[in-house]
Amino acid sequence: MKFEVTILGSSSATPVFNRNPSAQLLNCNEKYYLIDCGEGTQQQLAKFNLKAARIDYIFISHLHGDHYFGLIGLLSSLHLNGRLKPIQIFGPKPLLEILEIQFKYSDTVLRYPIEFFPIEADQSTQIFENSDLTVKTIILNHRIPTTGFIFQQKKRQRKLIKEKADEVPMAYYTALKKGIDVELPNGEILRSEDYTIAADAPRSYAYCSDTLFDESYFATIKDCDTLYHESTFMHDLLDRAKETHHTTALQAGEIAKITGAKKLLIGHFSSRYKTLQMLLEEAQSVFEHTELAVEGRTFLL
């Protein structure tokens, strides 16, 4: 089952050449989940040949503009392109009022319904579930109420061994994949373990947008397969990071190590950094399996 994320934006508050504000597109089993929607997100989707019309779920971490200023444009373009199916948006409660005001004063009546689900930033809770995954909030420590998100795959059924598929009537496939042994009319027993193999272990992706280094959310993201964590500054600017409620690259590496992540992606880079290699090396000095979450890269999760 496909489980991957494409980076659309990796910059912090101010976009710079080749770096847009925060946005990521998660693909889980060919369903699209947009995570944050900074300015220019719909252009990035077009640039990387990702169809905006396939997005059915949008998750907004908080109401600083670099995380949602692209949303009104994206929703408007979907309307102009004839979208009819609903779209689900999960975000801070005031976001709905912001959208309604924008549409009111532009005299826009969307062709499609918005199903809005307000998020509270007081305790971690599950906010979404479908047949593929669950989504749970991460309570972060920023200047305004902010949540991250954990996307957790659901356990899949066992997989039929292709070479043995012809030996089994199709009517018994479902039972065998559920781990159930079946008895044929002639009394023969087909054991699930003989005809199937275990599915891949469910994987998880934790998205930590803007936050101070704060142990209060470490338990929520413990042992995730891939951790995205903001790394706005180098550690020599720790005082500035604390002042603005952000994290350094070194701290992001420490968080990945402490929480047992298998892989770390860092992003949300300050516009002061024209090249990013120093931030990568700083995080890698603590946590080797670190990569830069830069525009256009797709990571298998």
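# Exercises on a predicted structure

The side chain of Thr 196 comes to 2.7 Å from the backbone oxygen of Ser 192, and this residue is the subject of the first exercise. The structure is a predicted model, in which local features need pLDDT of at least 70 and side-chain atom pairs count only at pLDDT 80 or more, whereas totals for chains, interfaces and linings use all residues. Residues are numbered from 1 along each chain as its sequence is written, and side-chain values use heavy atoms, with hydrogens and water left out.

## Exercise 1

Find where Thr 196 lies, decide whether this residue is buried or exposed, and find the side chain with which its own side chain makes a polar contact.

Solution. Start with the position: Thr 196 belongs to strand 13 (residues 196-197), where a strand is a DSSP run of E with at least two residues, a helix is a run of H or I with at least four, and both are numbered from the N terminus. Next, Thr 196 counts as buried because its relative accessibility is 2%; the term buried means under 20% relative accessible area, exposed means over 50%, and partly exposed lies in between, with a 1.4 Å probe and protein chains only. Finally, the side chain of Thr 196 makes a polar contact with the side chain of Arg 158 at 2.7 Å. A polar contact is a pair of N or O atoms within 3.5 Å; within protein, one must be able to donate a hydrogen and the other to accept it, and residues adjacent in sequence count only if both atoms are side-chain atoms.

## Exercise 2

## Exercise 3

Describe the aromatic pair that Tyr 33 and Phe 128 form, and explain why each of the two residues counts as buried.

Solution. Rings of Phe, Tyr and Trp (its six-membered ring) pair if their centres lie within 6.5 Å, and planes under 30 degrees apart count as stacked, over 60 as edge-to-face and the rest as tilted. By this rule there are 15 aromatic pairs. Tyr 33 and Phe 128 are 6.1 Å apart, centre to centre, with 75 degrees between the planes, and the pair is edge-to-face. Tyr 33 is in strand 3 (residues 31-37) and Phe 128 in strand 7 (residues 126-129), so that distant parts of the chain, 95 residues apart, are linked. Tyr 33 counts as buried because its relative accessibility is 0%, and Phe 128 counts as buried because its value is 8%. Both residues are members of one aromatic cluster, which also includes Tyr 57 and Phe 59.
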